[in-house]
Amino acid sequence: MFNQFNPRSFADWGGVTGSGGVGLLGQQSEALGNLHKALVAGSDLNPPAAAPGVGFPWRVEDLESLLRVTTFTEEKFAFWRRIMKKPIFNTVHEFNRLSSYGDRNIGIFGSETQLPVVTDSTYERARMQAKFAMRRREVSLVMSLVKPAHGNVLGAEGLSGTRDLLSGVNSELYYGDSAIDALQWDGLDAQLVAGGATIVDLRGRSLLQDDVVDGSVAVADLPAAGRATTLLSNLRVKSDLAKQMFPAGRYAIDGTGKVGQLGGKVESIVTESGEITLVPDVFIDYGFRAPPAAAFGDATLRPATPTISTAGTTPVNAASQFIAADAGNYYYSVVARNSFGGSAEVVVTDLNPGAVAAGDDARWGVTPGGANSPATLWYDVYRSRVGGTAKRLIKRIVNAAGAGATTIIDLNETLPFTTSAYLIQEDQETVYFGQLAPLLKIPLGTIDLTYRWALLLIGLLIYTAPRRAVIYRNVGRPTNSVA
């Protein structure tokens, strides 16, 4: 399933700065030479004989078996478990997107001796960059020697690190966006939006069976001409779909149900264009995320706390999606973000609360702290429901102004306490994870009495036919939901 690892190219990466953090292998040529030799078949396969000054060179360990075991046992990594993994052979991956088979407007008929009209398939040559997903783990020498109740610490940390990395991978398969951070791959959401997928805005109501059926028709009909197979959604959304069946009395009557059993588990929906498998994924949680309780990440690398540099206002805006039912008080806050963490939450004082009328927007200016050092790459924006105080994530805004001010505008296009669901064509030619190398464990230099290693996965998500998909936006919960 995976390509053979190229040791020479990996050694070359170590000497390049700004390559997504892979320079952590060090810059010393002797160390890189030892690493290169350790990766070449037939070189130092066995430890050397004991002699003064003789050591065994670094080894990059292939954790593919651990990755497979962890993937198999961790059911919560729903998208990662399902997605096809394919080898790629360069950090820049090129592939074709088929737009059409020809021109339907040109007639197919001709005379007995006529030369047929030429029509061609339309392809788009696309290219995307592989990205480096990584984590670092550390275990003290003493901890590796003791016998704790939970077993071998080094082994446990290897497994925990893999789970931690896969948690991030599964989440970024949906929400990765190179537009806000060049180190990220483009996730499913970004690729579908850019590729012209059908977008259905539910404006806060729950997802219905009819919505899924209509979406499957949109994928099957021209010009998409595909077949939807899978609905990826938050577990709560899938649960709400199942609850629709209970009052309607839609239960199995084939005698397989248990006596006295209430309800049932809904695994799929049959539509005119085929069966849709319902896949719950807890990592589809964008609109359910609450603001952080405090700044997080390395204090020397995360952004400083930003300042609200322009007071919050609510001017009239023709593009506003605030309607009469949305008029009222709202609370807003913002968090500065980069790859290493985020700042503390900053409340927008003039919008705490701020009265927004129908046809208005809500806006304010924000400026990075510390003269934008460390750099703020984007802002997470949080907002309450109308009349409420609890806030949830509604959007991410790129910091294109550097150390200057960014104006943030809320048009009510994204609602808090809602999420998205994705109806896709899931086959190995349409969606897959291109993997340049399997999960690798890379030993780091010893500078104290601590074992250090990096976990590295190199790849990217590919969705080759984004028009063959539907995004359901602002998917809410029924009003009587208790959690």
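Reader: Is Asp201 buried, partly exposed or exposed?

Author: Compare its value with two cut-offs. Buried means under 20% relative accessible area, and exposed means over 50%. Asp201 is at 34%, so it counts as partly exposed. Keep in mind that this is a predicted model.

Reader: Which residue forms a salt bridge with Asp201?

Author: Arg203 does, with the closest N and O atoms 3.1 Å apart. Arg203 is partly exposed too, because its relative accessible area of 32% falls between the cut-offs.

Reader: How many salt bridges are there by this rule?

Author: The rule asks for a side-chain nitrogen of Lys or Arg within 4 Å of a carboxyl oxygen of Asp or Glu. The count comes to 21 salt bridges.

Reader: How far apart are N and O in the salt bridge of Glu138 and Arg136?

Author: Their side chains meet at 3.4 Å, N to O. Now look at the setting of each partner. Glu138 is partly exposed, at 38% relative accessible area. Arg136 counts as exposed, at 56%.

Reader: Which parts does the pair of Arg473 and Asp189 tie together?

Author: Start with the atoms. The closest N and O atoms of Arg473 and Asp189 are 2.6 Å apart, and the two form a salt bridge. Then place each residue. Arg473 lies in strand E24 and Asp189 in helix H7 (residues 188-194), so the pair ties together parts 284 residues apart in sequence. Asp189 counts as buried, at 14% relative accessibility.

Reader: Which residues are linked in a network of salt bridges?

Author: Arg135, Arg137, Glu157 and Asp164 are linked in this way.

Reader: On to sheets. What is the strand order in the open sheet of 6 strands?

Author: The order is E6-E24-E21-E7-E9-E8, and the pairing is mixed. Next, find the edges. Strand E6 (198-201) and strand E8 (268-271) each pair on one side only, and they are the edge strands. The twist averages 20 degrees from one strand to the next.

Reader: What packs on that sheet?

Author: Helix H8 (residues 209-220) does. Helix H8 touches E6, strand E7 (230-233), E8, strand E9 (274-280), E21 and E24. Its direction makes about 150 degrees with that of E24.

Reader: In what sense do E21 and E24 pair, parallel or antiparallel?

Author: Strand E21 (residues 419-424) and strand E24 (residues 469-475) are antiparallel, over 5 bridges. Ala421 stands opposite Tyr472 in E24.

Reader: What is the order in the open sheet of 3 strands?

Author: The order is E11-E17-E20, with antiparallel pairing. Strand E11 (307-313) and strand E20 (406-410) are the edges, each pairing on one side only. Here the twist averages 20 degrees between one strand and the next. Strand E17 (residues 362-367) is joined to E20 by 5 bridges, and the two run antiparallel.

Reader: How many residues of strand E18 are buried?

Author: Count residue by residue along E18 (residues 378-384). The result is 7 of the 7, so the strand is largely enclosed by the rest of the structure. Then sort the residues by direction. Trp378, Asp380, Tyr382 and Ser384 point one way, while Tyr379, Val381 and Arg383 point the other way.

Reader: Which strands pair with E18?

Author: E13 is joined to E18 by 6 bridges, running antiparallel. There, Val335 stands opposite Asp380 in E18. Strand E19 (residues 391-398) also pairs with E18 in the antiparallel sense, over 7 bridges. Ser384 stands opposite Lys391 in E19.

Reader: What do E18 and E19 form?

Author: A hairpin, with 6 residues between the strands.

Reader: Loops, then. Where is the place of Phe340?

Author: Phe340 sits in the loop between strand E13 (332-338) and strand E14 (341-342). It is partly exposed, at 48% relative accessibility. Look beyond its sequence neighbours. Leaving aside those within four places, Phe340 is in contact with Phe296, Gly297, Asp298, Leu301 and Arg302. Phe340 and Thr300 are 40 residues apart in sequence but 9.2 Å apart in space, C-alpha to C-alpha.

Reader: Last, a helix. What does H6 reach from its first C-alpha to its last?

Author: Compare the span with the expected one. Helix H6 (residues 153-175) has 23 residues and reaches 32 Å, close to the 33 Å expected at 1.5 Å a residue. Then check the N-terminal end. Asn152 caps it, with a side-chain oxygen 3.1 Å from the backbone nitrogen of Leu154.

Key:
Residues are numbered from 1 along each chain as its sequence is written. This is a predicted model: local features need pLDDT of at least 70, side-chain atom pairs count only at pLDDT 80 or more; totals for chains, interfaces and linings use all residues. Side-chain values use heavy atoms; hydrogens and water are left out. Two strands pair if DSSP finds at least two bridges between them. Helices (H or I, at least four residues) and strands (E, at least two) are DSSP runs, numbered from the N terminus. Axes are lines fitted to C-alpha atoms, for helices over the stretch in contact, and angles run from 0 to 180 degrees between N-to-C directions. Contact means heavy atoms within 4.5 Å. The expected span of a helix is 1.5 Å times one less than its number of residues. A polar contact is a pair of N or O atoms within 3.5 Å; within protein, one must be able to donate a hydrogen and the other to accept it, and residues adjacent in sequence count only if both atoms are side-chain atoms. Buried means under 20% relative accessible area, exposed over 50%, partly exposed in between (1.4 Å probe, protein chains only).
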